[in-house]
Amino acid sequence: MSSAQERLAAARDILAAWVNDFQEPEPERLDAGIAPADLMAAVRALQTAHWGYLAAITGLDLGAEAGQLEVLYHFCSGAAVMTLRVPIPRQESSVPSICEIIPSASVFERELAEMLGVTVIGTPNTDRLFLADDWPLDSYPLRKDAFVGSAEKEQGA
Amino acid sequence: MSTDGNLSGKRFIVPIGPQHPALKEPGHFSFTVDGEIVTDASVRLGYAHRGIEKATESRNWTQSLYLLERICGICSHVHALAYCLGVEKLAGVEVPPRAQAIRVLVAELERIHSHFLWLGVAAHEAGFDTLFMYTWRDRETVMDILEALTGNRVNYSANVLGGVKFDVTPEIGDTIRRGLEFLEGRTHHYLEVVTTDQVFLQRTRGVGVMSLEQAETLGVVGPTARASGMIRDIRVEAPYAAYADYPVQPVLAEAGDLEARFIVRIKELFESYRIIRQILDTLPVGELQTRMPRRVKAGETVSRVEAPRGELFYFIKSNGTDNPERVKVRTPTLCNMASVLVTAVGHQLADMPMILAGIDPCFSCNDRTVIVADADGAAYTWEQIRHHGIAFYQGK
């Protein structure tokens, strides 16, 4: 098994065609900023090269001021963690589905869609995974402006 | 027998859950059947959601620790551990080696309790309640050890940011050794039972088979992956806490069926006993805690630990304040759930509880993120929910 550094170097080579913004925030991590349009090609290249596995998809809300969301695709290989960072606008946000390449991404995409209001174009199952059936359609719990201060209200502060 | 022609293409769907005699936890499965044979399956989760990821954002770093620890009653320690390791990394805090070793000790005791619990549940699903009763009786031994060590049977609360809360004294070390000796004997017996009992083998051998190739495609983790011959164990691949000093030998099986999943989990118990004894013999001397700043430097980190069910993945983002900006939790059951839906196809409906139990699903881990709100998005308090519930049922 090669070291985490060698794996991350290999990931750089695989992704070089689509990514010009590489960051190494921590010793065994690599962040690669990528445009939504290039996501599919990059994921396919990782898959073809058998580079690690998709560990999780994280949705980040950077806030109303920034007007941006960020979708993070975390791939792990041994101790190495490579994250594809896809910035998208907060309004009418969407990313392409990667289920065609990685079928197990379906549950992650369903969670992303319902929690952050990101439309995942072409995902095979758009049913709710965690939220209740009568949850309001336009309410996305993990957006920063959802339920501001509700914890204080609950605690009676 | 095919019923397609008779029913003019209509499908027969058997719903199971969220409340069902054959399912002890709240999940909803729809099995499409042709006679007794399952031809398709889908899952709906979320019945045990509590809004924990969101709730961390309005609580400080220490409060969030206690909240995250309550994601799961079975593997509370690994959640706290993943969170602590991540936050300590962000804060640039070095945890004393004795504390890291004690963290691993508790993690392995937790694995023993979790695997025994699973063995009982899985035996019960197979209709082998004698095995269920014996394993749960034996599980009390490790529960007693955890209680003697930490004061609690389930939410041990061993971690604090920057270390652990309690020490392992020589006396408690002896108690642990005595307990392990008893459990080791029992574990040999259970390994023999699950590999030789003919009736039991009919429920497990060749059932729910997942090939190595399938396991890779489905992205399964933990013992479910290892039973299909895939080395996926964070303790081995990316050692955390003190695992670099106490290396783990991964336990693998090739068959990929339910029997293999029994064998892998039971054999892992021996590995846990070995590691615990090694830690007790060579526990580093030193402090239990180090000072932790109240605010954590801005930044992001990924923290991965091996829970009893597989890789637990935390993504933590700090904005430099008292509260986390975002805590993302990806639990092993979410990864493994998809494998149930695939391996279910082609099996008898009666095998479904066993196949589901085969991944050792944990619904409270899976379900985290709901705050009950009305249509305007305003959150209910618990008291309001109670009154709403009473009014709703009185109106019926």
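**Hairpins and cysteines**

I began with the hairpin of strand 3 of chain A and strand 4 of chain A, where six residues lie between the strands and A:Gly63 takes a positive phi near 100°. A note on my source: this is a predicted model, local features need pLDDT of at least 70, side-chain atom pairs count only at pLDDT 80 or more, and totals for chains, interfaces and linings use all residues. Residues are numbered from 1 along each chain as its sequence is written, chains are lettered from A in the order in which they are written, and side-chain values use heavy atoms, without hydrogens and water.

Strands here are DSSP runs (E, at least two residues), numbered from the N terminus, and two of them pair if DSSP finds at least two bridges between them. I found strand 3 (residues 53-61) of chain A antiparallel to strand 4 of chain A, joined by eight bridges. A:Leu60 sits opposite A:Glu70 there.

Next I followed strand 4 of chain A to strand 5 (residues 80-89) of chain A: 10 bridges, again antiparallel. A:Leu72 has A:Arg85 as its bridge partner. Two residues separate these strands in their hairpin, and A:Gly78 in the turn has a positive phi of about 60°.

How many disulfides (cysteine sulfur pairs within 2.5 Å) does the structure hold over all chains? I counted zero. For A:Cys99, the nearest cysteine sulfur, that of B:Cys335, is 13 Å away.

Technical notes: Disulfide = S-S within 2.5 Å. Helix = DSSP H or I, 4+ residues; strand = E, 2+ residues; numbered from the N terminus.
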